[in-house]
Amino acid sequence: MKERDMAYVPASNRYETMIYNKCGNSGLKLPAISLGLWHNFGHDTPHKTKQDICRKAFDLGITHFDLANNYGPPAGSAEEAFGEILRTDFAGYRDELIISSKAGYPMWPGPYGEWGSKKYLTASCDQSLKRMGIDYVDIFYSHRYDPDTPLEETMGALDSIVRAGKALYVGISSYNSERTKQAVAILKDLGTPCLIHQPSYNMLNRWIETDGLKETLKEEGVGSIAFTPLAQGMLTSKYLNGIPENSRATQGKTLKESFLTQEVISNVKSLNEIAKGRDQTLAQMAIAWVLRDGGITTALIGASKPSQVEDCAGAINNLDFTSEELKEIDKYAKSEAINLWARSSDA
Ligand SMILES: NC(=O)c1ccc[n+]([C@@H]2O[C@H](COP(=O)([O-])OP(=O)(O)OC[C@H]3O[C@@H](n4cnc5c(N)ncnc54)[C@H](OP(=O)(O)O)[C@@H]3O)[C@@H](O)[C@H]2O)c1
């Protein structure tokens, strides 16, 4: 083990500023801001960067780290990197962490390597635990609804994973309102309540409002973790004057340059002005907006460097909006064609 790795001692004041919200009707509290390892945790990023991002998060009271079987590249490598960080940095702190993983998207070849069968979910959970070197995850998700597998089977697999001691809680991701109601009812009957739903949600992607999902989660007492609250970086000051080097939009991956139309940038510029008036960065306002009126339990950000985590965590310093501010934001916060997960929620 390198000397640097051994030297990490978490900040002693790490629980002094972060806000922890109750996750639906459960007894679990999640930090208002959580960290996801979808991008920047594969082989294309130096390990030190990954380590520094996770350390910064934990130092700021971010106790929840979100993974999935396929995060990388290559698929699986983000879980391996996080497993390494658990060993070198967070050893002794497992009980202070909420670690989640998911299965649903393509992971290995053949008919058992994706979607929602019991065969796939069970094997994938076992593989994730092995890659991270842990006995259980705190939350295990069905990553997407599978139209070809009975929902009873997918939810039954989640229930059996909990009963086998491999997960404490279960969740679903990108299920629409109707499917969510069905999944929640099945899980309730099985005795393993649905803890949380993970939908995409931000000022440029408001589908959970029009679909009714946001209301459904409230009614059902299910918590929520909004992913891509910054629209993959579009809701920061980063793209206001062009596309900077090394930004996600240059990587040819999930943030397509075509998303950054003149109209979108013009709206983002107006949102940036509103954020300035609130004495916060646009990233901070975007996170605060997602969390407004307690409708969402936690905002699930990504980061390519520790300073971004710090900036985002600062959102908790101003979470309140006046009704005038919200009205003004609504003028520019229009759903754009950037929801890469619409196919799953349309199923
Ligand atoms: N369930 C699902 O199907 C699903 C799908 C997608 C994501 N997720 C989860 O959601 C997590 C977050 O997704 P995301 O990474 O797209 O979220 P995001 O927070 O919307 O975007 C993160 C990106 O924004 C930029 N950024 C972050 N903070 C910044 C700041 N303060 N100032 C300027 N730029 C900033 C960085 O981009 P640069 O690289 O350009 O610096 C960063 O990589 C994932 O890691 C994953 O856990 C789940």
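Residues are numbered from 1 along each chain as its sequence is written. In this predicted model, local features need pLDDT of at least 70 and side-chain atom pairs count only at pLDDT 80 or more, while totals for chains, interfaces and linings use all residues.

The protein chain contains 13 helices and 10 strands. Helices (H or I, at least four residues) and strands (E, at least two) are DSSP runs, numbered from the N terminus. The C-alpha trace spans about 50 × 50 × 40 Å along its principal axes. Of the 347 residues, 46% count as buried. A residue is buried if 20 or more other C-beta atoms lie within 10 Å of its own, exposed if 12 or fewer, and partly exposed in between, with C-beta atoms placed from the backbone. Two residues are in contact if their C-beta atoms, placed from the backbone, lie within 7 Å. Among contacts with a separation of 6 or more, 78% join residues 24 or more positions apart.

Helix α9 covers residues 262-277. Its 16 residues reach 23 Å from first C-alpha to last, close to the 22 Å expected at 1.5 Å a residue. The expected span is 1.5 Å times one less than the number of residues. Val268, Leu271, Ile274 and Ala275 of α9 are buried. They lie on the same side of α9, because they cover an arc of only 110 degrees around the axis. The arc is that of the directions from the helix axis to the C-beta atoms. An α-helix has 3.6 residues a turn, so residues three or four places apart point the same way. On the other side of α9, Gln262, Ser266, Glu273 and Gly277 are exposed. The cover over the buried residues of α9 includes α10 (282-291) and α12 (323-332).

Helix α6 (residues 177-190) has 14 residues. The buried residues of α6 are Thr180, Ala183, Val184, Ile186 and Leu187. Their arc is only 165 degrees around the axis, which puts them on the same side of α6. Glu178 and Asp189 are exposed on the face turned away from the buried side. Elements covering the buried residues of α6 include α5 (151-163), β7 (167-173), β8 (194-198) and α8 (213-220). Gly191 follows α6 and has a positive phi, near 90 degrees.

The largest nonpolar core has 96 residues. Such a core is a set of buried Ala, Val, Leu, Ile, Met, Phe, Trp, Tyr and Cys residues joined through C-beta atoms within 7 Å. The residues with the most contacts inside the largest core are Ile139, Leu235, Ala286, Ile287 and Ala299. Helix α10 gives the largest share of this core, nine residues. Ala299 lies in strand β10 (residues 298-301). It counts as buried because it has 26 C-beta neighbours inside 10 Å. Beyond four places in sequence, the contacts of Ala299 include Ala32, Ile33, Ile287 and Leu291. Ser34, in strand β3 (residues 33-36), is buried with 24 C-beta neighbours inside 10 Å. Ser34 and Thr298 are 264 residues apart in sequence, yet 6.4 Å apart in space, C-alpha to C-alpha.

The ligand has 31 residues around it; Gly36, Trp38, Phe227, Gly233 and Gly302 come nearest. A residue is near a molecule or strand if its C-beta atom, placed from the backbone, lies within 6 Å of it. β10 and α11 (306-313) each supply at least two residues of this shell. The largest share, three residues, comes from α11.

Most residues other than glycine have a negative phi, and most peptide bonds are trans. The bond from Gly72 to Pro73 is cis, with omega near 5 degrees. The bond from Pro73 to Pro74 is also cis, with omega near -5 degrees. Pro73 sits in the loop between β4 (64-66) and α3 (77-88). Gln232 has a positive phi of about 60 degrees and is buried, with 26 other C-beta atoms within 10 Å. Asp279 has a positive phi of about 65 degrees but counts as exposed, with 10 C-beta neighbours inside 10 Å.
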